Amino acid sequence: MNVSEAVATRRSVRAFTDQPVDRAILQRVLEKGQRSPSGGNTQPWHAAVLTGEPMQALFRSVADVLPQGRAAHTPEYDIYPKDLDGAYEQRRRDVGEDLYRALEITRENKAGRLMWFANNFRAFGAPVLMLVHTPKYMGPPQWSDVGMWLQTIMLLLREEGLDSCAQEAWAMYSAQVRQAVTIPDDHIFFCGMAIGYRDAGAPVNNFAVKRAELYESVTWQGFD
């Protein structure tokens, strides 16, 4: 698989099979991922990789507090800016509506939507969950470095025939994450990433995810 194919076939997979993932594959991917770029070669990414009982224990601890709603949320950063608006907010809303349309869960079915959202905290059935953190003093440039590392990992997973879903939703339950894995007190918990083999027939893995036209994001100067 070349890079273009990996980019074209990568998507946020939200339904996985129960096929286990060989640790040797993950080791290979993560070792290659160490070549990701970072400003000044700081390499500010850190992660814990879970499967089996440690992962299930985390799922149970979140399930215990899910009924509390927002009262149980302990995010360490704003997942979205409080004033997100315009095209950015519209894109966020549109992909959510497209997802629920694929699942045939109507806007009026609030309970159904909440039940589906809870799948985030079972990693959508993936057999592996990676939990990502970085020192608290790192700034926007280093967070960008972590993002480049995550994208590198996701593309390398595609090369191996694997899929993923980067999950900032896990940030809402940082207290439970910190109970499950060792994250230094001076680090901020950023996100999870579900890893496994996609359920190719699941509707949630097959709806079209729209992308903005290039002119909405890029300007050109000095070209003929």
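A charge is said to sit over a ring if NZ of Lys or CZ of Arg is within 6 Å of the ring centre and within 35 degrees of the ring normal. The legends below describe close-up views of a predicted model.

**View 1. Arginine charges over aromatic rings at Phe207 and Tyr80.** Arg11 places its charged end over the ring of Phe207, at 5.1 Å from the ring centre. A second case involves Arg92, which lies over the face of Tyr80. Here the distance to the ring centre is 5.0 Å.

**View 2. The salt bridge between Lys82 and Asp78.** The closest N and O atoms of Lys82 and Asp78 are 2.9 Å apart. Lys82 is exposed, because its relative accessible area is 73% and the cut-off for exposed is over 50%. Asp78 has a relative accessible area of 48% and is partly exposed. This salt bridge belongs to a structure in which a search of the whole finds 14 salt bridges.

**View 3. Asp163 in salt bridges with Arg158 and Arg198.** The side chains of Arg158 and Asp163 meet at 3.5 Å, N to O. Arg158 counts as buried, with a relative accessibility of 10%. Asp163 is also buried, at a relative accessible area of 3%. Asp163 forms a salt bridge with Arg198 as well, and the closest N and O atoms of that pair are 2.6 Å apart. Asp163 belongs to strand S3 (residues 163-167) and Arg198 to the segment after S4, so this pair ties together parts that are 35 residues apart in sequence. Arg198 counts as partly exposed, with 24% relative accessibility.

**View 4. A salt-bridge network of Glu89, Arg92 and Arg93.** Salt bridges with shared partners join Glu89, Arg92 and Arg93 into one network. Arg92 is also the residue that lies over the face of Tyr80.

**View 5. The ring pair of Phe59 and Trp170, one of 10 aromatic pairs in the structure.** A pair of aromatic rings is described by the distance of the centres and the angle of the planes. For Phe59 and Trp170 the centres are 6.2 Å apart and the planes stand at 25°, so the pair is stacked. Planes under 30 degrees apart count as stacked. Phe59 is in helix H3 (residues 52-65), while Trp170 is in the loop between S3 and helix H7 (174-180). The pair therefore links distant parts of the chain, 111 residues apart. Phe59 and Trp170 are both buried.

**View 6. The ring pair of Trp143 and Phe190.** The ring centres of Trp143 and Phe190 lie 5.1 Å apart, and the planes are at 65°, so the pair is edge-to-face. Trp143 counts as partly exposed at 24% relative accessibility, whereas Phe190 is buried, with a relative accessible area of 11%.

**View 7. A cluster of aromatic rings that includes Phe59 and Trp170.** Ring pairs link Phe59, Phe117, Phe121, Trp170 and Tyr173 into a cluster. The stacked pair of Phe59 and Trp170 has its ring centres 6.2 Å apart.

**View 8. A nonpolar surface patch around Val218.** Leu214, Val218, Trp220 and Phe223 make a nonpolar surface patch of about 470 Å². Val218 is found in the segment after strand S4 (187-196). With a relative accessible area of 32%, Val218 is partly exposed.

How values were computed. Residues are numbered from 1 along each chain as its sequence is written. This is a predicted model: local features need pLDDT of at least 70, side-chain atom pairs count only at pLDDT 80 or more; totals for chains, interfaces and linings use all residues. Side-chain values use heavy atoms; hydrogens and water are left out. Patches are made of residues with over 30% relative accessible area and no salt bridge: like charges are joined within 9 Å, nonpolar side chains (Val, Leu, Ile, Met, Phe, Trp, Tyr) within 5 Å. Accessible areas come from the Shrake-Rupley method with a 1.4 Å probe; for residues, only the protein chains shown count as cover. A salt bridge is a side-chain nitrogen of Lys or Arg within 4 Å of a carboxyl oxygen of Asp or Glu. Helices (H or I, at least four residues) and strands (E, at least two) are DSSP runs, numbered from the N terminus. Buried means under 20% relative accessible area, exposed over 50%, partly exposed in between (1.4 Å probe, protein chains only). Rings of Phe, Tyr and Trp (its six-membered ring) pair if their centres lie within 6.5 Å; planes under 30 degrees apart count as stacked, over 60 as edge-to-face and the rest as tilted.
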